[in-house]
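Visitor: Can we go through this one together? I'd like to begin with the aromatics.
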Amino acid sequence: MTRRIFTDFDGPIMDVSDRYYQVYLYCSEKIARPTQELKILSKSEFWELKRSQVPEKEIANLTGFIEEKQAIAFAHLRRATVHTDPYFAYDQILENAVPALEKAQAAGIDLAVMTMRRRRELEPVLDRYNLRRFFNSDRIFCLDDDYVKTVDTQDKPKLMKLAQTQLPSVQEQWMIGDTEADIIAAQTYNVPAIAVLSGIRNHTQIIKYKPNQIVSNLFAAITNILER
């Protein structure tokens, strides 16, 4: 039986929580007035707010930016900063990711990565962690460097359409991801979706999109697929 797994990159493979938190700290410092007292959230407090999809302005309010003008400035600066090169260095590979990919590869699964990262944001990380051994060049689906982003829930299905058009057909395939964009991309093309809780959405948020399964991480997702 020919089988393929598409996996998102940030969430199933990479832990982005440090990047998001460091950007939060930077934006808090930049937006604060010299004598302004803030209540800086701990990393765990901040990350659970992000995973719960609490709006940026509300996170700003909780930090002490009560004025509308400051809260808006905080939200704008965070969005402008979080995907910039200096902060990608804070990302760490999840400890279960490589064992999971090795397990799938050993079982003869055709592996493909599908991510909202631009090519310049993805390729150095593939090299740093020797991940190209899992993904052939024609199994890497990411945004071109000059692609004009809209929203992930529209952009990711376009990548899935490209994959379904270009790749040879298989008897079974799955999408593993941590956000609604992954689930919608999969559902649009009748690909079963497995949501993992190692990324930027918690169980309460991800269950709204009705994935086929919700598991803890990439290793659990691949184990479930192989045990079918």
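Guide: This is a predicted model. Phe46 counts as buried, at 1% relative accessibility.

Visitor: And Tyr21, buried or exposed?
Guide: Tyr21 is buried, with a relative accessible area of 13%.

Visitor: How many aromatic pairs are there?
Guide: The count comes to 9. One of them is Tyr21 with Phe46: the ring centres are 5.8 Å apart and the planes stand at 50 degrees, so this pair is tilted.

Visitor: Which helices do Tyr21 and Phe46 sit in?
Guide: Tyr21 is in α1 (residues 17–31) and Phe46 in α2 (residues 43–51), so the pair ties together parts 25 residues apart in sequence. Ring pairs also link Tyr21 and Phe46 into a cluster with Tyr24, Phe65 and Phe74.

Visitor: What about Tyr87 and Tyr90?
Guide: They form a stacked pair, 6.0 Å centre to centre with 25 degrees between the planes. Tyr87 is buried at 14% relative accessibility, while Tyr90 is partly exposed at 34%.

Visitor: Switching to Glu56, where is that?
Guide: Glu56 lies in helix α3 (residues 56–63). Its relative accessible area is 11%, so Glu56 is buried.

Visitor: Which side chain does Glu56 make a polar contact with?
Guide: Lys50, at 2.8 Å. Leaving out residues up to four places away in sequence, Glu56 touches Lys50, Phe74, Ala75, Arg78 and Arg79.

Visitor: Last topic, the largest nonpolar core. Which residues touch the most other members?
Guide: Phe9, Ile13 and Ile176, out of 31 residues in that core. Elements supplying at least two residues each include β4 (110–118) and β6 (172–177). Another core, of 20 residues, lies apart from it, with Val16, Cys27, Leu41 and Phe65 among its members.

Definitions and conventions:
Residues are numbered from 1 along each chain as its sequence is written. This is a predicted model: local features need pLDDT of at least 70, side-chain atom pairs count only at pLDDT 80 or more; totals for chains, interfaces and linings use all residues. Side-chain values use heavy atoms; hydrogens and water are left out. A nonpolar core is a set of buried Ala, Val, Leu, Ile, Met, Phe, Trp, Tyr and Cys residues joined through side-chain atoms within 4.5 Å. Buried means under 20% relative accessible area, exposed over 50%, partly exposed in between (1.4 Å probe, protein chains only). Helices (H or I, at least four residues) and strands (E, at least two) are DSSP runs, numbered from the N terminus. A polar contact is a pair of N or O atoms within 3.5 Å; within protein, one must be able to donate a hydrogen and the other to accept it, and residues adjacent in sequence count only if both atoms are side-chain atoms. Contact means heavy atoms within 4.5 Å. Rings of Phe, Tyr and Trp (its six-membered ring) pair if their centres lie within 6.5 Å; planes under 30 degrees apart count as stacked, over 60 as edge-to-face and the rest as tilted.
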